[in-house]
Amino acid sequence: MMISTAPPAFIFILGGLLLPLLRARRLKQAWLLFIPALAFVDLIALQSSGTCWTYHFLGYNLVFGRIDTLSLCFGYVFCIMAFLGMVYALHVKEDGQHLAAMFYIGSALGVTFAGDLLTLFVFWEIMAASSVFLIWYQRDKAALGAGFRYLMVHLFGGSLLLAGIIIHVSTTGSTQFGVIDYGSLSSLLILLGFIINAAVPPFHAWLSDAYPEATVTGSVFLTAFTTKSAVYVLIRAFPGVELLVWMGAIMAVYGVVYAVLENDIRRLLAYHIISQVGYMVCGVGLGTEMAINGSTVHAFCHILYKALLFMGAASIIHVTGKRKLTELQGRNLYKKMPICLSLYMVGAFSISAVPLFNGFISKTMVVAAAGELHRPIIYLLLHLASIGTFLHTGLKLPYGIWFGKTPEGTTRREIEAKEPPLHMLIAMGMTAFLCIVTGVFPQILYNLLPYPVHYQPYTPYHIVGMLQLLLLTATAFWLFANKLGGEPTISIDTDWFYRKGAGLLMRYCYRLDEARTGIQVFASRVVAGVVVVSKNPIQSVQSLFSREKSVLLPYNADTYRPAIGVGVMVLLVLFCIFCVILFFRF
Amino acid sequence: MPRILRYLFLLACGVAVVLGFLIHAKHPLFRWEIIPAFDAAFGFLGCILIVLISKMLGKYWLQKDEDYYDD
């Protein structure tokens, strides 16, 4: 029998709603940490698989708890991440930011445990609507614009999802959320809705556009939930869809290419989210037990190390107020922030899959799954993306932020900087600890996975191969180090189409509006003319022939009425004519 | 980089490449897995490839001024 506690989504959403009622600051902070812990315990209490928290609503069964190894695995890491993110955000005084984060996390958990498509859709939309506030709370022009674009893309994706769900439900008659047969219109719409949230190119630009504009603490939350809940629903609904293999592999390399060009430190990391989610999407497409395991465990590890990397980058922004490599390099920050640097490097080694860090036990599993299926091109593309990942996150970014050379021809003062506040360091420390523990003892994670794991990451061949790859990448970086510094540019991406396109559309709309105004002015002139003429037709016709400008007076019948004698005269004339006709007729 | 670190780094590279000749894949899945130190070559050349291709794309197509969208 299942224990009937509350769905974790409700714990977060109710917890968020109660937050503003607490007055004392310490109490608030305790509450922020208590909620994720409570949700985690709530999940631990669910030992058996099955469905629970089913509610009957308008003739449909809403399932808030579909519990199995897959949903629990994502549920655990979401709760852990919520806790770590809240520790990192303890200094934030605005309740609104915490409220948005709580709703966001709660809805991501709602998506994870949704057993039917309607529940899934509702939480999907709450996720988009709450997360945008984590961007808007940055309160600058760039954040406002990026937030609006973010919201529009997600609402568009949500509409596609809804359309797909409606067609799916009306054709199959079932709202159950499970594997969806790929190929029909409804499945395509649902898939499109999912891959927009998974940031699969060309629908990825919202991520690299919006995440770097979010608040310092908001961006840490954003990295974890949207894309990973999308990976989860893809695993649920579309395992083994060949299209996803290629999309994932291309996505992994795509993010890397843009990261070479990027100057904004958080945007560089955002492109690496796209790259890393590529491995997961590829694993979903491969669809074997090993590949699905790989995607799941990689999502788990990715949430931890990417949060750590974003915490590191956000700490730099929090402390120095600078966010670009061109502003940071050459300031020797390593002397002032050694702890922050060390913790960041744990995240960098993890994402680069250095042995003993958690990326090594997860990323290599997806790559090995591609090998097992004998897919050489996919295998090499994923391998190539690994190189790029280490090159940027492990070498270029830390070198540029903490060391780096001053750009030629300029002298650079050292800036005021110190380690970030203690709670930020504690959050980073805990995340780093988890990255290492799960890397050294992979069985901890492997035991949580949906299928039994037969993969052994720590073989001499794997370790030596990975070390060769990484060390020689570092050698190549060494050769290029001077050329890889930041450049004060931005790179156009697929958001160009709607950012420039919207401008064009607006310009077109203005033209259209001008034309409309023109027609309206013309029409009202015609009407005004008709009004004038119909007020006094005689005078207006007369005024056409007179030289003088006359004021148009309202029609007055007396002005044109002839004297009574004229009428008598006409009558007399008519009478005479009548008489003459009579006389000659007879 | 301090000189000692530089030597250590080169030593590590050397050791990794030498080990590549000694340790072989038990069940090679692809032909290149038989080549010793393939990963080292792939890492080095792949890195250069990524940098060159991305920089070219950036220079001739993708990179714009920072105020590109502000009009």
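Into which domains is chain A divided? In this predicted model, chain A comprises domain 1, which spans residues 1–236, and domain 2, which spans residues 239–492. The centres of the two domains, taken over C-alpha atoms, are separated by 24 Å. The contact between them takes 34 residues from domain 1 of chain A and 41 residues from domain 2 of chain A. On the side of domain 1 that touches domain 2, the elements giving two or more residues are helix H3 (69–88), helix H8 (205–210) and helix H9 (216–237) of chain A. Of the elements on this side of domain 1, H3(A) gives the most, with eleven residues. By class, the residues on this side of domain 1 comprise 25 nonpolar, eight polar and one charged.

A contact between two helices was also examined in chain A. The axes of helix H11 (residues 265–286) and helix H15 (residues 358–372) of chain A come within 10 Å and cross at roughly 40°. Because of this angle, H11(A) is oblique to H15(A). The crossing of the two helices is left-handed. From H11(A), the contact is made by A:Tyr279, A:Cys282, A:Gly283 and A:Leu286, while H15(A) contributes A:Lys363, A:Val366, A:Ala369 and A:Ala370. The residues of this contact between H11(A) and H15(A) divide into six nonpolar, one polar and one charged.

The analysis then turned to the interface between the chains. Here, 36 residues of chain A are in contact with 32 residues of chain B. Four elements of chain A give two or more residues to the side that touches chain B: helix H10 (242–261), helix H16 (376–402), helix H19 (460–480) and strand E3 (490–491). The greatest contribution to this side of chain A comes from H19(A), with 15 residues. In terms of residue class, the side of chain A that touches chain B has 24 nonpolar, ten polar and two charged residues.

Strand pairing also links the two chains: E3(A) pairs with strand E1 (residues 63–64) of chain B. The pairing of E3(A) with E1(B) is antiparallel and extends over two bridges. Within E1(B), B:Lys64 is the bridge partner of A:Ile490.

Key:
Residues numbered from 1 in each chain as written. Chains lettered and ligands numbered in written order. Predicted model: local features only at pLDDT ≥ 70, side-chain atom pairs only at ≥ 80, totals over all residues. Contact = placed C-beta atoms within 7 Å. Nonpolar A, V, L, I, M, F, W, Y, C, P; charged D, E, K, R; others polar. Pairing = 2+ DSSP bridges. Domains from an automatic or database assignment. Axes fitted to C-alpha atoms, helices over the stretch in contact; angles between N-to-C directions. Parallel < 35°, antiparallel > 145°, perpendicular 65-115°, else oblique. Left-handed = near helix turned anticlockwise from the far one by under 90°.
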